[in-house]
Amino acid sequence: MSKPLAGVKVVEFGQNLAGPYCGQILAFLGAEVVKVERPEGDDARKWGPPFIDGDGVGFIALNRGKKSITCDLGDKAQLEALIERIGAADVFIHNLRADVPAKFGIDGATLTKRFPRLIYADLGAFGHLGPWKERPGYEPIVQAVAGLISLNGDPSGPEARIGVSIIDLSTGMWTAIGVLAAIAQRATTGRGSLVNTSLFESGLMWASNHAANFSVTGKMAARQGTGHPSLTPYQAFECSDGPLMICPGNDRLWRKFAEALGHPEWPDEPRFKTNVERMQHRDLLLAMIADIMKHKSRDYWSGKLDALGVPNGPLNTVPQVLELAQVAALGMFSRPYEDSEALFHGLPVSFDGERAAEIAKAPKIGEHNGKV
């Protein structure tokens with residue numbers, strides 16, 4: 001397996017999801033990641049059922065291939081040992097509560113001054129500036145406060161979250177990107193840096209398109225369900241056996257879609273010619289398309305659309321996804337536990353055709369105390 005970060009030493013005092021996912025990314029890329037846990041362990045170990053070997057599957061998913069040591073920050077000797085370990089590492093990652101690092105002398109200002117080559121990644125809830133910089137937060141709170149829940153769901157139904165852990169995992173990704181950029185910068189300057197990310201900033205990023213549109217128009221688009229606030233048609237349509245997502249994202253594809261529907265004249269009508277006109281007559285056009293598509297199966301429509309090169313795909317359930325030949329071909333999932341059918345993800349990145357991940361288990365609490 002390609003290991004572009006081989007030789008890079010990371011100390012991760014991560015908990016729950018976002019911090020551990022950043023560490024997971026770096027571990028999959030070949031870094032040695034030592035996970036530091038409170039003596040009772042990462043809270044996520046207890047999140048379940050289901051469990052494997054006593055640990056929640058969510059914990060396992062984001063902590064494979066790491067080494068685990070425990071540290072009681074209230075114990076002076078253990079704290080000093082941790083600080084020395086951080087100083088000997090290339091990267092320190094944490095998503096501790098905002099007031100904790102300074103209380104124990106492991107805050108960014110202190111450690112980057114003491115260890116100038118250290119890359120210190122501070123992953124917070126609401127950011128390192130502003131009146132909320134010490135406010136705690138979990139993913140659902142950030143989705144609520146950042147406006148994301150108000151944007152999602154069917155227009156006629158309740159508002160909805162945008163997905164399980166998307167804020168946590170994307171913040172872990174942003175933190176990993178920041179760490180990688182800091183490693184590249186250090187190779188030139190010889191100095192480390194302080195990398196700040198937060199769940200709230202990730203939430204604002206996901207809402208940024210809506211914010212841009214509102215800042216221009218002064219209006220908020222209605223929730224779209226599977227649709228798009230600026231494109232028509234661009235959504236799922238009910239077929240005789242379920243919904244099919246169809247995305248003719250430009251006028252050329254719209255013409256092909258209209259041909260598949262048996263109405264090649266539609267793109268030449270003034271009311272449907274360009275996306276601007278289609279948006280103006282959105283409800284009418286979507287109803288016309290829906291009335292046609294509901295009479296045939298998804299396979300029927302997908303076959304016609306595939307032949308014309310119009311992007312489309314069924315709305316699958318997770319079990320259906322796992323049965324796809326494309327999923328099997330990519331080898332994205334593995335079974336690291338011989339006595340369990342549990343599937344865990346690899347990193348969605350490949351180098352020279354080889355996935356940047358290895359089949360590994362998550363460590364037990366303190367498994368590597370005194371060994372690393």
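Select R135 and F126 to begin: the charged end of R135 sits over the ring of F126, 5.9 Å from its centre. A charge is counted as over a ring when NZ of Lys or CZ of Arg is within 6 Å of the ring centre and within 35 degrees of the ring normal. Now select K296 and Y300, where the charged end of K296 sits over the ring of Y300, 5.2 Å from its centre.

Before going on, note that this is a predicted model, in which local features need pLDDT of at least 70 and side-chain atom pairs count only at pLDDT 80 or more, while totals for chains, interfaces and linings use all residues. Residues are numbered from 1 along each chain as its sequence is written, and side-chain values use heavy atoms, with hydrogens and water left out.

**Domains**

Colour 9-207 together with 334-355 as domain 1, and 235-314 as domain 2. These bounds come from an automatic or database domain assignment. Taken over C-alpha atoms, the centres of domain 1 and domain 2 are separated by 42 Å.

**The sheet**

Show the strands next. Helices (H or I, at least four residues) and strands (E, at least two) are DSSP runs, numbered from the N terminus. Six strands make an open sheet in the order β5-β2-β1-β6-β7-β8, with parallel pairing; two strands pair if DSSP finds at least two bridges between them. At the edges stand β5 (67-70) and β8 (193-198), each with a single partner strand, so one side of each has no neighbour in the sheet. From one strand to the next the twist averages 20 degrees.

Zoom in on β1 (residues 9-13) and β2 (residues 32-37), which pair in the parallel sense over four bridges. Here E12 stands opposite K35 in β2.

Contact means heavy atoms within 4.5 Å. Then select helix α8 (residues 166-189), which lies across β6, β7 (119-124) and β8 and runs at about 160 degrees to β7.

Pick S193, in strand β8. Is S193 buried or exposed? S193 is buried, because its relative accessible area is 17%; the cut-offs are under 20% for buried, over 50% for exposed, and in between for partly exposed (1.4 Å probe, protein chains only). Neighbours within four places in sequence aside, S193 is in contact with T112, L118, I119, Y120, A182 and Q185.

Move to S208 in helix α10 (residues 208-217). S208 counts as partly exposed because its relative accessibility is 40%.

**Aromatic rings**

Rings of Phe, Tyr and Trp (its six-membered ring) pair if their centres lie within 6.5 Å, with planes under 30 degrees apart counted as stacked, over 60 as edge-to-face and the rest as tilted. The count comes to ten aromatic pairs. One of them is W254 with F257, edge-to-face at 6.3 Å centre to centre and 70 degrees between the planes. Both residues lie in helix α11 (residues 251-260), three residues apart, about one turn of the helix, and both W254 and F257 are buried.

Next select W266 and F272, an edge-to-face pair at 6.2 Å centre to centre, with 65 degrees between the planes. W266 and F272 are also buried. To finish, select F237, W254, F257, W266 and F272, which form one aromatic cluster.

Methods
Axes fitted to C-alpha atoms, helices over the stretch in contact; angles between N-to-C directions.
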